[in-house]
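Open the model in your viewer and keep the selection tool ready.

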Amino acid sequence: MSTGRLEVICGEDSSGKTAMALGRALQALTEQKTVIVIQFLKGSEKTGNLEVLKRMEPELKVFRFEKSDRYFAELSDAEKKDEEINIRNGLNFAKKVLVTGECDILILDEILGILDEGIISLEELKALICQARQSEAELIMTGTVYPQELDEYADEITKVQTRYEHCEG
């Protein structure tokens, strides 16, 4: 049974936050746990390669609610407004997952990004975290910008930083 923990993985773009969260998912699968991943701001399932993850169903399920096949940042303002509705559907699904206890671990990939984009408020995110604690599900959140106001909620914060060094030789 999960302990209602909150883990946050944050850092620069393309620093491996999603890969790290998926690594936690694979570790959970080896412990006979079920994992649901909801990805935000990454476009529809046409974007990226999800076939490998789909093979791990039903223990690992990945969802994207956005309809566009482009990343959120690439959309026009009108397209972003449309996608915000789809993103909210993803959030509502996350709440349903927590209420029904459908998984041991819920990964909300780039949820901090939708906070940063102003799609959800900090209060809404805190309420979701409290809901996860009540359900005893482990919650893993990723994103680039980490708000200090979440410090009191987080059990573990991993800040990923990519550092490039040039080797001479």
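Start at G101, the residue that follows α3; its phi is positive, near 65°. This is a predicted model, in which local features need pLDDT of at least 70, side-chain atom pairs count only at pLDDT 80 or more, and totals for chains, interfaces and linings use all residues. Numbering runs from 1 along each chain as its sequence is written, and side-chain values use heavy atoms, with hydrogens and water left out.

**Stop 1: the helix**

Select residues 77-100, helix α3. Helices here are DSSP runs of H or I, at least four residues, and strands are runs of E, at least two, numbered from the N terminus. α3 has 24 residues and reaches 35 Å from first C-alpha to last, close to the expected 34 Å. That expected span is 1.5 Å times one less than the number of residues.

Now colour its buried residues: K80, E83, N86, I87, G90, L91, F93, A94, V97 and L98. Buried means under 20% relative accessible area, exposed over 50%, partly exposed in between (1.4 Å probe, protein chains only). These residues pack against β2 (35-39), β3 (60-64), β4 (105-109), α4 (111-116) and α5 (122-135).

**Stop 2: N86**

Zoom to N86 in α3. It is buried, with a relative accessible area of 13%. Beyond four places in sequence, N86 is in contact (heavy atoms within 4.5 Å) with F65, E66 and K67.

**Stop 3: the core**

Next, select L106, I111, L125 and M141. Of the 36 residues in the largest nonpolar core, these touch the most other members. Such a core is a set of buried Ala, Val, Leu, Ile, Met, Phe, Trp, Tyr and Cys residues joined through side-chain atoms within 4.5 Å. α3 gives the largest share of this core, six residues.

Centre on I111. Leaving aside neighbours within four places in sequence, its contacts are F40, L91, I120, L125, L128, M141 and T142.

**Stop 4: the cavity**

How many cavities of 30 Å³ or more are there? The count comes to one. A cavity is a set of points on a 1 Å grid over the protein atoms alone where a 1.4 Å probe fits but cannot get out; lining residues have an atom within 4 Å of a point. The largest cavity has a volume of about 50 Å³, taken as the space filled by probe spheres set on the points, which are joined across faces, edges and corners.

Select its lining: R88, L91, K95, I120, E124, L125 and L128.

Methods: 1 Å grid on protein atoms, 1.4 Å probe; cavity = no way out; pocket = protein on both sides within 12 Å on 5 of 7 lines; lining within 4 Å.
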